[in-house]
Amino acid sequence: MKRYLQIVFILNCAIVFANDSGTLSEVWIDGSSFYKSLDHKKKTTLYFNKWTTYTEQFLSDDNYYVALQLGLTLDPLPNDNINLPSLRDLSAIENENVRIDYFRFLESFGRTYGVNHMILPDTAGLSVYEKEIVIQANEHSPYYFLLKSCLTHSLPDSKKEFLVESEIQRTIWIANQNENTKKLNRWSKKAADSKRFTFYSALKKSKQVEFIPAFEFPVSLAKRVFSESVIAIDPSIKFPILEKTVTYLGDDEQLRKRLGQYAKVLNYRRKEITCIVDLRYGERDYFDEDILLLTEAKIKRNSALIFSNLDFAGQDVLIGKMLFGAHGIHGRSDVSDSRKMINPAYLGFADPQFEGMNDSHLLWMDSLASYAIKNFATPGMQLVVVKNGSVVMEKPYGFYTYDSIKPVSNETVYDIASLTKVIGTLPAIALLIDQGKLSLDDSLSQHLDEFRGSNKGGATIRQLMAHNAGLLPYVPFWSMVMDGDRLDAFYYKTPEDEANDVRTYGLEPHPSMVDSLKSFIVRSNLIKDPTEYTYSDLGFMILHLLVEEISEMPFEQYLAENFYLPMKLNHTAFNPKLKGRSFEEIAPTEYDQRYRNYQVWGEVHDRNALVFGGVAGHAGLFSTASDLAKMMSMFLNNGYYGGKQYISKETLSQFNARYFDDNRRGLGWDKKDGKRDSASSLASDLSFGHTGFTGTMVWADPEEDLIFVFLANRIYPDANNWKLGELNTRTNLHDVIYQSLENTN
């Protein structure tokens, strides 16, 4: 192996070369004719028109330089057990930066193993895209990746002819060892010494070049090449797969397991069930309606994904993402009916290490969760961690209650409390702004008649969203409606209910109860200094009324039609018990001894939200961690999810910003302030999120493309249980996630 003592610098443009061995001959000897050693005062380049085991002995011989002709595989060392992309694979990549990064690697890889020049394939018969790759490789490093047209075996008869031809065109002379190479070398030296022949001069200097050693194909680059080179045939017909059940006919067990994270996977055909036929490792029978996985573009009409021959850990992750819409399909092809698929941005699944996280480090989260449960901070919880659009952790812990009877599952529905403010009210307000029906600087009196002339009439939407409108932090409106002579109308639906004291409370509120609530809110006092930041539920109760007034739709219906249904948030809704969910599906909360006198289970815990009918702007939503991860993904993706732009980037950007002094809040979103943060201190300043009284938390970080969702029912059976906060469980879990990013080596 040749040894280089200098540090490597690979540049985007032509490489600057250093020559430490004097003027060199550029007449190359045909390696197939080589049979005896040469005078090694001046090294000679051996040209091999293909890789053979005979070639290998010269790669580590410091007495010779090696020039190797590449085939269509572009793999200089086909027997090294490192599978590199072919010319066809690279031609499918449209992203020029990926191609350039690969050329950098390939040059370093070749030089590391002693290949001093790579001769690119002849462009005759190549497709347009394949020719483009050949030309770009040459342009990237013109004295390492040489065009085959520069080589000739037709040697001139005279020195004059030699010099004339050398000046007219870039020519490298390939001589048989039996021929008079000494004479050709003298001619070549004269050409190289002349300033007229800059090509020869640069070619000679390229023999010794500083480079970054590369002994294997970097996984990160393999991922980029693979993800950018997959070709889709008729993607609009079958992709993305949204069915809950699929059939997989193939031998890749790792892929089968990965597909199981998206859908139930059958091993046999069933009518009207999408069938994925894997032809990468062998022939199988398939039908026209099947989705095929191939490594060659043999199919023109069937829905198919055509992959490169790259083999690296994590292919199953990318294939699963592409099939189910968590990753775009960008590869290009000369096949006339091939098209790209834009990334619909559905959440995908990956192992933590695939997304650059230390999975062993993340095991600490199990210990923190178990410790919280054993110390009665909460009977159970759900965790979801999303990195780069991939769910890398989705785990339930513990039980519904401390009796350890019903275990928490990923489908368990939790009362998310104040997360309603950012999962419900925030997107509703943002959409109305997007539609031009509302402005952040509109006052309440512009839209709600009942607030005209009140102490809140001049409050703006911006102030309400940022908790900077001077509102009281909390008013127990629920206790107010207990007084008076109309309790029967408020609480009892029938005489039988009244006789048995079966109260409907706010789940089906009487209109007079709602009117009373609105009146209480309008007439409520302000804090002493209305310019101060004071976290308040009242502002979001008012925003709930505002959404209904402007949209002319019930709050719940507006959210469901515009967000929850199209995003397929199947577990996100108000009043899950009224919608048919059983106690088996819902985690219980507090035993309410002050108002309801029973175990709250399947209806909102917050009493003010209850008297609104369980639907309010500050509380009332129930959901799962996975549903909330989808919603947070939409926010993190600037309003885009599942192939649809729900809210514009321009509108959403206004919400993740601070507008008032001494107020850490954005609009709706909580932000870090370094004082009483729920989020990790390692989270970026651009991160945003919220917490909920029942023990919930969501947090997203644009800088790390990271989402954390934590759900718990810490208030079971008593809302005065503050151990979750005392143990700092949520923040500690969030810390571990960031620490796993720092410990990936």
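Modeller: The side chains of K395 and D366 form a salt bridge, with 3.0 Å between N and O (a side-chain nitrogen of Lys or Arg within 4 Å of a carboxyl oxygen of Asp or Glu). K395 belongs to strand β16 (residues 390–398) and D366 to helix α13 (residues 364–374), so that the pair links distant parts of the chain, 29 residues apart. Helices (H or I, at least four residues) and strands (E, at least two) are DSSP runs, numbered from the N terminus. The model is predicted: local features need pLDDT of at least 70 and side-chain atom pairs count only at pLDDT 80 or more, while totals for chains, interfaces and linings use all residues. Residues are numbered from 1 along each chain as its sequence is written, and side-chain values use heavy atoms, without hydrogens and water. K395 is partly exposed, its relative accessible area being 28%; buried means under 20%, exposed over 50%, and partly exposed in between (1.4 Å probe, protein chains only).

A second salt bridge joins E704 to K387, with 3.4 Å between the closest N and O atoms. E704 is in the loop between β25 (696–701) and β26 (706–712), and K387 is in strand β15 (residues 380–387), so this pair ties together parts that are 317 residues apart in sequence. E704 is partly exposed, with a relative accessible area of 31%, whereas K387 is buried, with a value of 7%. Elsewhere, salt bridges with shared partners join K577, D592, R596, E603 and R607 into one network.

The structure holds 30 salt bridges. Among them is the pair of R280 and D252, whose side chains meet at 3.0 Å, N to O. R280 lies in the loop between β11 (274–278) and β12 (291–294), and D252 lies in the loop between β9 (245–249) and α10 (253–259), so parts 28 residues apart in sequence are tied together. Both R280 and D252 are buried.

Turning to the strands, β2 (residues 44–48) has five of its five residues buried, and it is therefore largely enclosed by the rest of the structure. In a regular strand the side chains alternate between the two faces of the sheet. Both faces of β2 are covered: on one side T44, L46 and F48 are buried, and on the other T45 and Y47 are buried. Strand β1 (residues 27–30) pairs with β2 in the parallel sense over two bridges; pairing requires that DSSP finds at least two bridges between the strands. Here D30 has Y47 of β2 as its bridge partner. β2 also pairs with strand β3 (residues 64–69), in the parallel sense and over five bridges. In that pairing, the bridge partner of F48 is L68 in β3.

An antiparallel arrangement is found in an open sheet of three strands, ordered β17-β21-β18. Its edge strands, β17 (414–415) and β18 (573–574), each pair on one side only. Strand β21 (residues 621–623) meets β18 in the antiparallel sense over two bridges, and A573 has F622 of β21 as its bridge partner.
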